[in-house]
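Dear colleague,

I am passing on the structure below, together with some notes on what turned up when I went through it. Please read them with the model open beside you.

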Amino acid sequence: MSYCHSSCIGGYSNIAFTFGGYSNGGDRSNIDNWINNEEVVPFSYEPKRVPKVMYEHVSSRGICVDPPYIPTVEGFRKFGQGFCLDASNAWYSGVASSALPLTGYCLEWCSQNLRPDLVAVEISRDTGTASTTCYCSFSGGALPSDINLSAYTPAASRETKYPGVGAIQSTDDTANALCYQNINYSNTPKPTPSLTAKPTQKPTVKPTTQPTPKPTSKPTMKPTNAPTRKIISPTNKPTSSTVERFRNFGQGFCLDASTAWYSGVASSALPLSTTDSYCLEWCSQNLRPDLVAVEIFRDTGAASTTCYCSFSGGAVPSDLNLSAYTPAASRKTTYPGVGAILSTDAIANAVCYQNINYSNTPKPTQSSTAKPTQKPTVKPTRKPTRKPTSKPTMKPTNAPSRRIMSPTNKPTSSTVEGFRKFGQGFCLDASSVWYSGVASVALPLNTPDSYCLEWCSQNLRPDLVAVEMARDSGAAITFCFCSFSGGDAPSDLNLSAYSPAASRKMTYPGVGAVQSTDDIANAVCYQNIVRFNMD
């Protein structure tokens, strides 16, 4: 497309080739979401009309290729395909955008906070949900303390915590991700803080498409967190070869006498071809009396494997750090499982190995609500996040839900009046962020919406802002989410306050009435109209 005018001097030699403008990532049927090319404005009125009309014409023809618009931002260079890795093959901490259209503008968005420790901008595109998530990644093992989510416009949706330190050395080759290096990065990183101080949040969506096996607070249906983000090769094998002490208990994740999962530590995402013996050896680096099992989850969609070292007692031992494993563990997971394994949840792509030397004298069960469970990257990484991670699954979140319980044991409440279907996707507040809440165990895929409404209605409170459902057709499961306003799940609300009991709490900053949704295809938002009318 070219423009010329009577003011053009020089004839054909002075023709400027341009499309007249570009989309800002919003609804492209609205002219206000198109930006004029400033080089054309002096001699053309509203040149952005041309690309808008062209887009409408091409998109009316059916499926077409939509070339992503990535503006040229000085100071960055494309390092390669995949998420960025440091010298230890670790990802970097940072902030993640909400889920954006596939034509995202990540380099510009992250450039709002150019700092010496901004090591990279990472971009993850999920063609399944037609969304893009931007990651502004910092060296140092944690997000800078003076960076808030609101420091970006639009605001970032969540923080991500990984131990990456120093300059980029490689990528993890994830097919739908890109690593852009900040060429002005100052390679003098601050000391890496301990990642165990606070549990990282889901996203997987997040994320997160994220889907790794131990359910994070929200299945990877919230774009938390896209398919898991980092695939680290297990060629750097743990040194221990003690695998004789384990026996294959059966298909699925391990369950205790109360059909509860166990707390533990999880590996980074590994190649799908990773063997069971690798996970057994990796967990054997820390053989303890309360190591009850090793669990292995393979996600064929993300082509990744995750190892879980599971402990009895309702919490990961306080003296066990992520760095106690080589390669280091990526996160801790908290579930109330206590005592010896009695069964499994029969999840098809998981396997439970029992520690035959486990000492069945568990320590007292700690409250699983003391620390918020992670959120996959499902409202994702989520996420995850849409909170893509926050819940696009691009940044690994804990796997899609682990446990399948039949909803035939219905909650006693039949109160479903007072809710109205707000729309497709997870609920968002006025700042386009998700709400904190509690999640059910994994239920069959055909669980009706009315079951979730009844289940959450067992605890009707003034701050119950919504009921959300997420269905993962790949794992054939449904999750119910009872979502509360205020930035945290109520402190006086226990998981056992629901029947069947809730599986976990999740924390997001949503406050006030529902204003919109993130449009995730496999989720639905029901508004509490009593709460809505109070705001």
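Is the link of Cys 279 and Cys 307 left-handed or right-handed? With -60° about the S-S bond, this link is left-handed.

Before going further, please keep in mind that this is a predicted model, in which local features need pLDDT of at least 70 and side-chain atom pairs count only at pLDDT 80 or more, while totals for chains, interfaces and linings use all residues. Residues are numbered from 1 along each chain as its sequence is written, and side-chain values use heavy atoms, with hydrogens and water left out.

Disulfides

A disulfide is a covalent bond between the sulfur atoms of two cysteines, and here a pair of cysteine sulfur atoms within 2.5 Å is taken as one. The structure holds nine of them. In the pair formed by Cys 279 and Cys 307 the sulfur atoms are 2.0 Å apart. Because Cys 279 lies in helix α3 (residues 276-283) and Cys 307 in strand β19, this pair ties together parts that are 28 residues apart in sequence; helices (H or I, at least four residues) and strands (E, at least two) are DSSP runs, numbered from the N terminus.

Helix α3 and strand β19 are also tied together by Cys 283 and Cys 309, across 26 residues of sequence. The sulfur atoms of Cys 283 and Cys 309 are 2.0 Å apart, and the link is left-handed, with -90° about the S-S bond. Cys 283 counts as buried at 0% relative accessibility, where buried means under 20% relative accessible area, exposed over 50% and partly exposed in between (1.4 Å probe, protein chains only). Cys 309 is likewise buried, with a relative accessible area of 0%.

A right-handed link, with 110° about the S-S bond, is found between Cys 84 and Cys 179. Since Cys 84 lies in strand β6 and Cys 179 in strand β13 (residues 177-182), it ties together parts that are 95 residues apart in sequence.

Aromatic pairs

Rings of Phe, Tyr and Trp (its six-membered ring) pair if their centres lie within 6.5 Å, and planes under 30 degrees apart count as stacked, over 60 as edge-to-face and the rest as tilted. By this rule the count comes to twelve aromatic pairs. One of them joins Phe 83 and Tyr 135, which are edge-to-face at 6.0 Å centre to centre, with 75° between the planes. Phe 83 lies in the loop between β5 (76-81) and β6 (84-85), and Tyr 135 in strand β10 (residues 131-138), so the pair ties together parts that are 52 residues apart in sequence. Phe 83 is buried at 0% relative accessibility, and Tyr 135 is buried with a relative accessible area of 0%. Elsewhere, ring pairs link Phe 426, Trp 434, Phe 479, Phe 481 and Tyr 508 into a cluster.

Helix α4 (residues 449-456) is mostly covered, with seven of its eight residues buried. Among these buried residues are Tyr 451, Leu 453 and Trp 455, and what covers the buried residues of α4 includes β27 (464-472) and β28 (477-484).

Finally, Ser 312 lies in the loop between β19 (304-311) and β20 (331-336) and counts as buried at 1% relative accessibility. Its side chain reaches the backbone nitrogen of Gly 339 at 2.8 Å.

With best wishes

How values were computed
Contact means heavy atoms within 4.5 Å. A polar contact is a pair of N or O atoms within 3.5 Å; within protein, one must be able to donate a hydrogen and the other to accept it, and residues adjacent in sequence count only if both atoms are side-chain atoms.
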